[in-house]
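Good morning, colleagues. Please bring the sequence and the structure up on the screen, and I shall then go through the architecture with you.

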Amino acid sequence: MTRLGRGGAEVTSLGLGAAALGNLYTPVGDEQAQAAVRAAWERGIRYFDTAPHYGLGLSERRLGAALREYDRAAYTVSTKVGRRLEPADGTGDDLANGFAVPAAHRRVWDFTADGVRRTLEASLERLGLDRVDIVYLHDPDDHAEEAFREGYPALEKLRAEGVVGAIGAGMNQTEMLARFVRDTDVDVVLCAGRYTLLDQSAATELLPEALQRGVSVVIGGAFNSGLLADPARHPTYDYAEAPRQLLDRALRMQAVAERHGTTLRAAALAFCSAHPAVASVLAGARSAAEVHDCADQFATPVPDAFWRELRAMGLLPPEAPS
């Protein structure tokens with residue numbers, strides 16, 4: 001377990017991202033979701049990340065139910081604030097937002113101090129917990145002023161009160177995360193999709209700043225939403241069809257991996273975890289089989305010759321740790 005920044009939370013080097021347990025894209029049954037969490041536990045994963053956004057609360061409810069059989073002191077849970085859920089009278093589903101669930105609630109952007117507390121209280125109720133270990137401000141891209149003026153101070157107060165162990169922000173970009181690292185006292189930031197084999201933009205400013213200031217980084221989106229898991233079968237990048245140039249790049253990387261007796265999945269996870277600022281890598285999974293595969297790939301050593309060939313081909317920057 002690695003302690004996050006100066007906070008009181010610890011994480012395992014591989015964590016479970018629970019968006020899929022909220023029916024990301026396609027339905028997942030309750031038993032399948034529970035089996036995925038149980039498989040994660042069997043493989044030594046003790047860090048679990050969720051959010052109200054994931055399935056309009058379904059991910060939190062399922063994760064909390066699955067973790068109830070384990071000692072609360074033995075695992076770490078993170079959730080997020082910024083999207084408050086309100087009951088909705090509408091019919092239909094939430095697929096426009098990526099989740100195959102009934103549209104029984106609507107999301108309200110709210111980074112006010114009151115909104116942060118109300119959102120966290122609702123998350124605790126869905127999780128069935130009296131505390132969470134980490135709270136992130138979730139995607140404050142278009143709400144920077146409110147997030148820095150009200151949302152962050154509210155989290156700082158919750159940390160001081162002992163309600164949460166660590167605080168931070170989670171985003172799909174690096175510029176604002178770097179600002180959180182520089183201008184606030186966050187313990188951790190969650191950077192999704194911006195430090196991968198295909199996108200090392202976090203290495204320019206965010207990761208060096210975090211390392212210098214003692215702020216931990218959690219990496220999400222190691223597979224860039226599918227392209228680095230299996231480019232032939234899942235040619236999606238950041239939740240959309242992959243540009244041809246990136247698809248070709250991923251296929252070339254996969255061919256190099258096969259030549260060296262490893263997999264692109266193993267390389268993708270190893271690359272993310274190699275940077276000294278990175279405390280944990282989140283792997284999203286919707287079944288026990290996917291969890292076991294991620295754990296297997298994470299534990300698989302990637303030959304040095306693979307990295308040398310990627311650099312020689314110009315597929316990886318010379319300075320990137322691996």
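I shall speak about the strands, then the helix contacts, and finally an aromatic pair.

This is a predicted model, in which local features need pLDDT of at least 70 and side-chain atom pairs count only at pLDDT 80 or more, while totals for chains, interfaces and linings use all residues. Residues are numbered from 1 along each chain as its sequence is written, and side-chain values use heavy atoms, with hydrogens and water left out. Helices (H or I, at least four residues) and strands (E, at least two) are DSSP runs, numbered from the N terminus.

Let me begin with the barrel. Eight strands close it in the order β3-β4-β5-β10-β11-β12-β13-β16, and their pairing is parallel; two strands pair if DSSP finds at least two bridges between them. From one strand to the next, the twist averages 25°. As one example, strand β5 (residues 76-81) pairs with strand β10 (residues 132-138) in the parallel sense over 4 bridges. Which residue of β10 is the bridge partner of S78? The partner is I134.

Next, the helices. Axes are lines fitted to C-alpha atoms, for helices over the stretch in contact, and angles run from 0 to 180 degrees between N-to-C directions. Helix α8 (residues 264-274) lies across β13 (216-220) and β16 (278-284), running at about 155° to β16.

How do α5 and α6 cross, left-handed or right-handed? The axes of helix α5 (residues 175-183) and helix α6 (residues 206-213) come within 9 Å and cross at roughly 20°. The two helices are therefore roughly parallel to each other; angles under 35 degrees count as such, over 145 as roughly antiparallel, 65 to 115 as roughly perpendicular and the rest as oblique. Their crossing is left-handed, that is, the near helix is turned anticlockwise from the far one by less than a right angle, clockwise being right-handed. In this contact (heavy atoms within 4.5 Å), α5 contributes L177, A178, V181 and R182, and α6 contributes L206, E209, A210 and R213. These residues divide into 5 nonpolar, no polar and 3 charged, where Ala, Val, Leu, Ile, Met, Phe, Trp, Tyr, Cys and Pro count as nonpolar, Asp, Glu, Lys and Arg as charged, and the others, Gly among them, as polar.

For helix α3 (residues 113-127) and helix α4 (residues 144-160), the axes come within 8 Å and cross at roughly 55°, which makes α3 oblique to α4. This crossing is right-handed. On the α3 side are A113, V116, R117 and L120, which meet E150, G151, A154, L155, K157 and L158 of α4. The contact has 6 nonpolar, 1 polar and 3 charged residues.

I close with the aromatic rings. The whole structure holds 10 aromatic pairs; rings of Phe, Tyr and Trp (its six-membered ring) pair if their centres lie within 6.5 Å, and planes under 30 degrees apart count as stacked, over 60 as edge-to-face and the rest as tilted. One of the pairs is Y25 with Y239, tilted, at 6.4 Å centre to centre and 50° between the planes. Y25 is in the loop between β3 (14-17) and α1 (30-42), and Y239 is in the loop between β14 (236-237) and β15 (240-241), so that the pair links parts of the chain 214 residues apart.
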